[in-house]
Amino acid sequence: MHSISKQNRSKVLVIHDNRIGHLNPSLAVAEMIEKRFYLHPEQFAIPTLPKRTVSIFKKLSHFPRLFNALGRLYFKFLPKSLEHTDVIVCSGMPNLIYGAYLSQRFNIPLIYAGGTRKFNWRLIDWTITTIPEKHTGRQIIIPTGAVPSKITRLAHIPSEHEACLLIGGPTHEYPFTAQDFSKMITEFSKFVDQHKMKATVVISRRTPALSAESIQLLETKHIELVCPSSKTSICDVLKRSEYIFVTEDSATMLSESIQTGRIVISVCREDSVADEMIQGYLEQQLIQRKSISKLTEAEAIKPKLQAQQIEQIITQHLADDLNTMSQDLSFYNCHARKVVVY
């Protein structure tokens, strides 16, 4: 394992692949570290990793020598000024793979926001997640995902009489169909008609092409359609919305919606069973959960959560750990003295 200078470490390095769902949780954690530990956030974007490559590295993470050897062969790009990096932060499996490679090669501690999903947790110094995992690594458990301050500050800004529908895309766990999305838009339009609201539908890069009927309905009802290439940002949509409907395939969109302080409804298929994350949100009264056919039954119930609570949990946990392991509250010095036996 290569070692670099311990002097003048003033950076928190954010590794991302330009996917907002991966970038925003990392930026949120980096902001918190900047405020508490005075480290300057710096971003480093990596190319998109093919799914096959992600799968191979994920399996090899349980064989660290092979993981590191393949990393040296595959990753021909490095961030500048690694000698000034005190800690690496990332979210999303592709970024975890590259972040873990840097962490192992240059002996820099790694903070990962998200579930490890069978990746070797021993290569991660801290995991930040809403659901406790079955391993003995350092885990920071928070009520809902970390969210950047540009989102959390919306809780202090009054909304307008508007509603939005945030649509993700089908996954193995959430197998939404094109018919589901069409019906979703129809039921959402009924809700806004019922409440005489302005409305916006936001689609992501994962959303299948909307049907001609759905697009015609949006135009007829004067409902704005926001896509990844639109000038309107999701933050602007959240800012003005009183009700936020979110398909529950996106943990990041749900976390961001909850921390705006608006009324949040997770949208599920008719036959869907709430997973552990959604069940936790329901128990904490952070969301309502409605099937597609029941969207018109959404109630005016706001989540009971203060964003500062999440920041306090994360930074206090990190500070307590660093106090135990490093007199100067240095992430790097704490990590450099750690002996890991595989």
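A disulfide is a pair of cysteine sulfur atoms within 2.5 Å. The views below show a predicted model.

**View 1. Cysteines without a disulfide.** By that cut-off, the count comes to zero disulfides.

View 2. Strand β3 spans residues 85–90. Six of its six residues are buried, so β3 is largely enclosed by the rest of the structure. Strand β1 (residues 11–16) pairs with β3 in the parallel sense, over five bridges. V14 has V89 of β3 as its bridge partner. β3 also pairs with strand β4 (residues 110–113), again in the parallel sense, over three bridges. Here C90 has Y112 of β4 as its bridge partner.

**View 3. The second largest pocket.** Its volume is about 490 Å³. The lining holds 29 residues, and those closest to the pocket centre are T152, R153, H156, A307 and Q308. By class, the lining of this pocket has 13 nonpolar, nine polar and seven charged residues.

**View 4. Helices and domains around the second largest pocket.** Helices α1 (20–37), α5 (149–152) and α11 (307–325) each supply at least two lining residues. Domain 1 (11–143 + 308–334) gives at least three residues to the lining, and domain 2 (150–297) likewise gives at least three.

Conventions
Residues are numbered from 1 along each chain as its sequence is written. This is a predicted model: local features need pLDDT of at least 70, side-chain atom pairs count only at pLDDT 80 or more; totals for chains, interfaces and linings use all residues. Side-chain values use heavy atoms; hydrogens and water are left out. On a 1 Å grid over the protein atoms alone, a cavity is a set of points where a 1.4 Å probe fits but cannot get out, and a pocket is an open set with protein on both sides within 12 Å along at least five of seven lines; lining residues have an atom within 4 Å of a point. Grid points are joined across faces, edges and corners, and a volume is the space filled by probe spheres set on the points. Helices (H or I, at least four residues) and strands (E, at least two) are DSSP runs, numbered from the N terminus. Ala, Val, Leu, Ile, Met, Phe, Trp, Tyr, Cys and Pro count as nonpolar, Asp, Glu, Lys and Arg as charged, and the others, Gly among them, as polar. Domain bounds come from an automatic or database domain assignment. Buried means under 20% relative accessible area, exposed over 50%, partly exposed in between (1.4 Å probe, protein chains only). Two strands pair if DSSP finds at least two bridges between them.
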